[in-house]
Amino acid sequence: MTYDRRFATTWQLLMDATCTVMGLGRDRPPPVILSSLPDLPYKPRARAPLSFVQGPPGRLIALAIGLRAALPDTPLVLIMNADAVSLGTNHLIHAARRNIGLTLLLLRAEVTQTDDRPALDRLGWDRPEAQQALEGAARPLEWVSALNAAFVGRGSLHDPDGLAEVIHQAVEARGFAVVGVTAETTLERGVLSRAEWPEYFDAYREWARGLRSPDGGAVRGRPAPPPPARPVPRCEVRIAGLGGHGIKLAGAVLSEAAGLHAGLWATQRGEYGAATRGGPSLVDVVMSSEPITYAGADHADVLVALSQKAAERYAAGRDPRGRLIVDAAEVTDRPPGALAVPITALAREHAGAPIAAGIVSVGCVAALTGVVSLEALRASVAEHVPGRMIARNIRALEAGYAAARQALEADEHA
Amino acid sequence: MSRVCFMHGNEAVAEGALAAGCRFYAGYPITPSSEIAEILSGRLPEVGGVFLQMEDEIASMAAIIGASLGGLKSATATSGPGFSLMQENLGFAVMSEIPCVVVNVQRVGPSTGLPTRAAQGDVMQARWGTHGDHPIIALTPSSAQEAFHLSVRAFNLAEQFRTPVILLLDAIVAQLKEKVELPDPADLVVVERPKPTAPPGEYKPYAFGRGQVAPLAVFGDGYRYHVTGLVHDEYGFPTEDPEIVNRWWEHMTTKLDAHLDEIVQWESVRLDDAEIAVVAYGGTARAAAHAVTQARAQGLKLGLLRPITLWPFPEAAVRRLAGQVRRIVVAEMNLGQVRLEVERLSAGRAEVTGVHRVDGLAITPEQILAAVQDAAVRR
């Protein structure tokens, strides 16, 4: 170093000690130093700049965690006083529990030339002594030593070579390390504790190696299907009932049949009641050969109501030319124009459970709109239910289709 | 060849981030943004990236800044309460000119608000959330398709202009599942961070100049320099010299303003002959576009101006619009944050009214149409 240590400032001594890491570890890149105080080597230009981050006190621990993720081998040295440790304790706790490879230099009060008290007393305010006596001393090294740090050491600015050696050992510990820095003349430098467990990002990389996908996981989706032969005008479908009717599944099967098999644009928006609670459940599907603007089926072209409440709540809002299908058993008080289809009964008969009511409903929608073919719906069902359930769900779909056709013909003859 | 799949806006954001080269995510899960974290926790390790759940959003923001300084494209995602916590470090990223992407899926606020309900109430927070005058970019998608593309664009703009970019979603777009066409990766424009060419001794990490953005050296690449939250000179060292401070302001205020043509995007729908216009963005713009179709069917000459870049605001487009139409109806899920901008830019030339909703429910085409018809009657 170019300066005489007898006249060195505390800061120069610290930088000096820290930078010995550069010389000692030839196999390592130069360190990055983080502090809430800026480094000012250019007035006068005593040395070249360091890789240095000055930022919000305490938060720099979290910033250093990100740096560590990006730079596994660069020593990261944080310089912190009691206030910075206080501000950053939440970050410090989590860095310690994960054993993230950071080296914290904790400046004891005599280094920062204060007493062992937080900021207020440093301002020299004339506070009543009795009030000051209420406050305990700030001892960051003691706080941090209570954590499971991989390395805890200490050194004094009066023994710069010794301090540098402790810092070097802390960096080499390759884990969460703290070094108490004091200005005591009698302090013996040394390592207070040391533990061996893997540094977090070393362990993360080892774990993630097995997850690397051969194609980078980059290819998603499937080749786009050809667009429909004729333009398909906007078609709004609302299926409403209760949790346990399989309404979310119905929305996914219908919208994806349209979007991924029939070459249309499609949206699926819903509010799904929990199956066990039997709360109200609803899905809106909008399909068109043009991109979908508003995704609500407030004026449904087809409304399927699986409960009396759903029929009462939504029937009036449907498009004036829209079709209303109601479950023959559940909806006894039927709005005018309703087509009754035994949806839940068909679900039980063909799929063995009322949860297939949604799939039966999708069959009904196909029969009434013609927007999506049964073929596309069968393919979509096969992508959404487990293998052993496919056949019975396709039977439920086809049963809904046939029943709705039948109800429609009966209605037209009536 | 492009491919199709079904995804909601949050998933599209995550896929866009991966396609743009994001390799570090730090976050704290929060409704209605959590799916972004969930998806990236599985997908990032697949592509050699790192996913880290942090202790809070303060730490998340700090960590993505650190990872970016280390050379990784980095992002976090949150909602209003977390976005509030991020403001301190967001300001640090602005000041130190470190690229990163912050996704905010808005919900009704302030405070815990309506956690699962949609809102667009963080428009002004995205602009002025951190203290002090500062440049910022905020983008807002209207569909899952656009969420994918704007996610990619957010990373590109962050790298190009060395700035945090805020991707502002609402829960309408974030939670709506729809068809998305994923472009062939070969067709995607991905901006990589330019490397400095100056020798290490001459490198100016913050070279000043009108509209100039210096290349950011990655720590460990042979360049040593000073990064600080203090006002600094071109080398990154703090200064209080008013002459340098004013040159720094010139640099900061022009670094985006000199490139508005590259940054600011909006969509216009049937504005050519419009007499009345709706200004709407994000999920609300979809209801507005539907209202335009309905109004045209009734013979009303309605058009839509949809800001895609919210900040810098499409000022020129709105000024032109105010000279063309008689009335502008601003539809947004807040009490008038963009309406204020539109009123300012209209400067009395067009009458500006609003359709505002803050009860967590989406604005419907009927509401917008009713406001437009009201405006049409009062001609």
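Helices here are DSSP runs of H or I with at least four residues, strands are E runs of at least two, and both are numbered from the N terminus.

Before I go on, this is a predicted model, where local features need pLDDT of at least 70, side-chain atom pairs count only at pLDDT 80 or more, and totals for chains, interfaces and linings use all residues. Residues are numbered from 1 along each chain as its sequence is written, while chains are lettered from A and ligands numbered from 1 in the order in which they are written.

Back to H10(B), residues 284-297. Its 14 residues reach 20 Å from first C-alpha to last, close to the 20 Å expected at 1.5 Å a residue; the expected span is 1.5 Å times one less than the number of residues.

So is this helix enclosed or open? Largely enclosed by the rest of the structure, because 10 of its 14 residues are buried. Buried means 20 or more other C-beta atoms within 10 Å of the residue's own, exposed means 12 or fewer, partly exposed is in between, and the C-beta atoms are placed from the backbone. Among the buried ones are B:Thr284, B:Arg286 and B:His290. The cover includes strands E11, E12, E13 and E15 and helix H13 of chain B.

Now look at B:Val278. Leaving aside neighbours within four places in sequence, its contacts include B:Ala288, B:Ala291 and B:Val292, plus B:Ile368. Contact means C-beta atoms, placed from the backbone, within 7 Å.

B:Val278 and B:Ile368 show up again, with A:Leu78 and A:Ala305, as the residues with the most contacts inside the largest nonpolar core, which has 266 residues. A core like that is a set of buried Ala, Val, Leu, Ile, Met, Phe, Trp, Tyr and Cys residues joined through C-beta atoms within 7 Å. Its largest share, 10 residues, comes from H6(B).

Last stop, where the chains meet: 58 residues of chain A are in contact with 59 of chain B. On chain A's side, H2(A) gives the largest share, nine residues.

Technical notes: Two residues are in contact if their C-beta atoms, placed from the backbone, lie within 7 Å.
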